[in-house]
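I opened my notebook and went through the model step by step. Below is what I looked up.

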Amino acid sequence: MSENNIVREWLKYLDLEQYYESFVDNGYDDLEMCKQIGEPDLDAIGVRTPKHRQLIRQAVRTLLEKGGTSVYISLEECGRLGRDGPKGDGVTHSSSGAQPVEKMNLVHKLSRIVKMRMICT
């Protein structure tokens with residue numbers, strides 16, 4: 001699996017990257033699959049914190065309403081505006097406690113993913 005997986009970047013944007021492996025283990029390895037996440041799926045994935053569940057449910061609603069393209073656009077806009085997802089402080093936070101990653105690095109990675117997907121489809 002690619003290190004630049006869009007689900008990882010989506011979870012990173014939500015500041016919930018700690019769930020990435022569990023998402024993949026439960027079959028949620030692309031945004032189309034993530035659109036199907038419901039309450040029982042959150043239980044299976046191991047999302048117990050009410051705030052985390054709420055963030056994921058809101059993000060899934062956005063995927064359903066606006067499609068996966070909205071994720072790419074949202075992340076790119078945040079990079080241009082110098083702010084991040086839920087924390088809004090301009091950096092992407094690592095759940096492992098590592099140093100924050102510059103938002104522009106994330107946007108650059110996502111741009112490559114989008115270009116690769118456009119070429120492959």
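**Entry 1: the core**

I started with the largest nonpolar core, which has 22 residues. Val7, Trp10, Phe23, Cys34, Ile37 and Ile56 have the most contacts inside this core. Helix 1 (6-13), helix 2 (20-25), helix 3 (31-34), helix 4 (39-45) and helix 5 (50-66) each give two or more residues to it.

I noted the terms. A nonpolar core is a set of buried Ala, Val, Leu, Ile, Met, Phe, Trp, Tyr and Cys residues joined through side-chain atoms within 4.5 Å. Buried means under 20% relative accessible area, exposed means over 50%, and partly exposed is in between (1.4 Å probe, protein chains only). Helices (H or I, at least four residues) and strands (E, at least two) are DSSP runs, numbered from the N terminus.

The model is predicted: local features need pLDDT of at least 70, side-chain atom pairs count only at pLDDT 80 or more, and totals for chains, interfaces and linings use all residues. Residues are numbered from 1 along each chain as its sequence is written, and side-chain values use heavy atoms, with hydrogens and water left out.

Next I picked Ile37. Leaving out residues up to four places away in sequence, Ile37 touches Phe23, Tyr28, Leu42, Ile45, Ile56 and Val60. A contact means heavy atoms within 4.5 Å.

**Entry 2: the overall layout**

I counted seven helices and two strands in the secondary structure. From the N terminus on, the elements run α-α-α-α-α-α-β-β-α. The protein has 121 residues, and 40% of them count as buried. I also checked contacts between residues at least 6 apart in sequence: 54% of these join residues at least 24 apart.

**Entry 3: a loop residue**

Where is Asn26 found? I located Asn26 in the loop between helix 2 and helix 3. Asn26 is partly exposed, at 35% relative accessible area. Not counting residues up to four places away in sequence, Asn26 touches Ala44 and Ile45. Asn26 and Ala44 are 18 residues apart in sequence, and 7.5 Å apart in space from C-alpha to C-alpha.

**Entry 4: salt bridges**

Side chains of opposite charge can pair when their charged atoms come close. A salt bridge is a side-chain nitrogen of Lys or Arg within 4 Å of a carboxyl oxygen of Asp or Glu. My search of the whole structure found seven salt bridges.

One joins Arg8 and Glu21, with the closest N and O atoms 3.9 Å apart. Arg8 lies in helix 1 and Glu21 in helix 2, so this pair ties together parts 13 residues apart in sequence. Glu21 is partly exposed, at 47% relative accessible area.

Another joins Lys12 and Glu9, also with the closest N and O atoms 3.9 Å apart. Both Lys12 and Glu9 lie in helix 1, three residues apart, about one turn of the helix. Lys12 and Glu9 are both buried.

Arg53 pairs with Glu39, and here the closest N and O atoms are 2.5 Å apart. Arg53 lies in helix 5 and Glu39 in helix 4, so the pair ties together parts 14 residues apart in sequence. Arg53 is buried, at 12% relative accessible area, while Glu39 is partly exposed at 34%. Salt bridges that share partners join Glu39, Asp43, Arg53 and Arg57 into one network.

**Entry 5: confidence**

Last, I read the pLDDT, the predictor's confidence in each residue, from 0 to 100. The mean is 73, and 52% of the residues reach 70 or more. Over residues 89-103 the pLDDT stays under 50.
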